[in-house]
Amino acid sequence: MSSDTTSPLRYKRILLKLSGEALMGEGKYGIHPPTLMAIAEEVIEVAQAGVEVALVIGGGNIFRGVAGATEGMDRASADYMGMLATCINSMAMQDALEKKGVHTRVLSAIKMEQIAEPYIRRRAVRHLEKGRIVIFAAGTGNPYFTTDTAASLRAMEINAQVILKATKVDGIYSADPKKDPTARRYRTLTYMDVLRQNLNVMDSTAISLCMDNKLPIIVFDLTVRGNIRRAVLGGGEIGTLVGGTETAWA
Ligand SMILES: Nc1ncnc2c1ncn2[C@@H]1O[C@H](COP(=O)(O)OP(=O)(O)OP(=O)(O)O)[C@@H](O)[C@H]1O
Ligand SMILES: O=c1ccn([C@@H]2O[C@H](COP(=O)(O)O)[C@@H](O)[C@H]2O)c(=O)[nH]1
């Protein structure tokens, strides 16, 4: 799909990556239903504006493989548990979206036919063309990866024009702002900047995939209501832009 220069929309097709932890709201674990519903409403707003929306949701609010491995679990088993956590979040988001009357499909990288379609690229594209919100569950289906890498991979496969990484920080900083209060926020970065400076907001596999395929990334704060709409539909610069051109973003 090529970008439509006559369209007033910034993007025709996006991959929105939602942090699992952001679904917790103020809680310490799991899903906070009002937060989930508020995010769903914002997603619906951009879909109803005519943007084709694919979602990838992290699992950090439930389980991360690295944490399990640190406690002595086999890493691959722990990672599969993490992937199942993303399925729980995907189903919760599907429910929230459908409660509001929109059509959705969950496509899982791990077969679980009773609850989700298996991931088939051409089906995903067809669902998007029909205006359904597609939720990619179970990451890449492989251990030792993350949902950021799954987001990059799926974005490429469906020819999304951008990855919007919606997280708990308002952009990419010179160091983790949750740990270093002196860290400063970048407005724009190249992929190489992120890799060379080891800016851990996304893992290096995800960044490298985007770099090799020239897919822009915008990292922005999901906890500010309206930010998904601003990032997708416009309303000033938001977050940090990696790669890409500023014209579509600022
Ligand atoms: N240089 C940096 N700039 C900004 N954020 C950074 C940086 N280094 C580390 N981080 C941290 O990266 C986190 C972003 O990742 P996020 O929590 O969205 O993880 P995820 O794996 O994508 O989702 P989940 O919450 O499901 O695990 C931020 O909360 C932030 O604290
Ligand atoms: O392709 C993938 C994606 C994810 N995992 C595991 O799931 C958890 C949760 O994902 P986050 O990206 O951290 O939110 C992750 O820690 C991995 O354990 C995976 O193995 N493969």
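Trainee: How many cavities of 30 Å³ or more does a search of the whole structure find?

Mentor: The general idea comes first: rolling a probe the size of a water molecule over the atoms shows where empty space is left. Keep in mind that this is a predicted model. Here, a search of the whole structure turns up one cavity of 30 Å³ or more, and the volume of the largest cavity is about 30 Å³.

Trainee: Which residues line the largest cavity?

Mentor: Its lining consists of Cys87, Met91, Val106, Ser108, Met112, Ile115, Ala116 and Ala137. Two elements, H3 and strand E3 (104-108), each give two or more residues to that lining. By class, seven of the lining residues are nonpolar, one is polar and none is charged.

Trainee: And what volume does the largest pocket have?

Mentor: The largest pocket has a volume of about 1,200 Å³. It is lined by 48 residues, and those closest to its centre are Arg64, Asp148, Lys165, Asn200 and Val201. Two or more lining residues come from each of helix H2 (65-70), helix H3 (75-99), helix H5 (147-157), strand E6 (163-167), helix H6 (191-196) and helix H7 (204-212).

Trainee: Which element gives the most to the lining of the largest pocket?

Mentor: That is H3, with five residues.

Trainee: Let's turn to helix packing. At what angle do the axes of H5 and H7 cross?

Mentor: For a pair of helices, look at the axes, then the handedness, then the contacts. The axes of H5 and H7 cross at roughly 20 degrees and come within 7 Å. Angles under 35 degrees count as roughly parallel, so H5 is roughly parallel to H7. Their crossing is left-handed.

Trainee: Which residues meet there, between H5 and H7?

Mentor: From H5, Asp148, Thr149, Ser152, Leu153 and Met156 meet Thr205, Ala206, Leu209 and Cys210 of H7. This contact has five nonpolar, three polar and one charged residues. Notice Asp148 again: besides this contact with H7, Asp148 is among the residues closest to the centre of the largest pocket.

Trainee: Now H1 and H3: is the crossing left-handed or right-handed?

Mentor: H1 passes H3 in a right-handed crossing. The axes of helix H1 (residues 33-48) and H3 come within 9 Å, crossing at roughly 65 degrees. On the H1 side, Leu36, Met37, Ile39, Ala40, Val43 and Ile44 meet Ala92, Met93, Ala96, Leu97 and Lys99 in H3. By class, the contact comprises ten nonpolar residues, no polar ones and one charged.

Terms used
Residues numbered from 1 in each chain as written. Chains lettered and ligands numbered in written order. Predicted model: local features only at pLDDT ≥ 70, side-chain atom pairs only at ≥ 80, totals over all residues. Heavy atoms only, no water. 1 Å grid on protein atoms, 1.4 Å probe; cavity = no way out; pocket = protein on both sides within 12 Å on 5 of 7 lines; lining within 4 Å. Points joined across faces, edges and corners; volume = space filled by probe spheres on them. Helix = DSSP H or I, 4+ residues; strand = E, 2+ residues; numbered from the N terminus. Axes fitted to C-alpha atoms, helices over the stretch in contact; angles between N-to-C directions. Parallel < 35°, antiparallel > 145°, perpendicular 65-115°, else oblique. Left-handed = near helix turned anticlockwise from the far one by under 90°. Contact = heavy atoms within 4.5 Å. Nonpolar A, V, L, I, M, F, W, Y, C, P; charged D, E, K, R; others polar.
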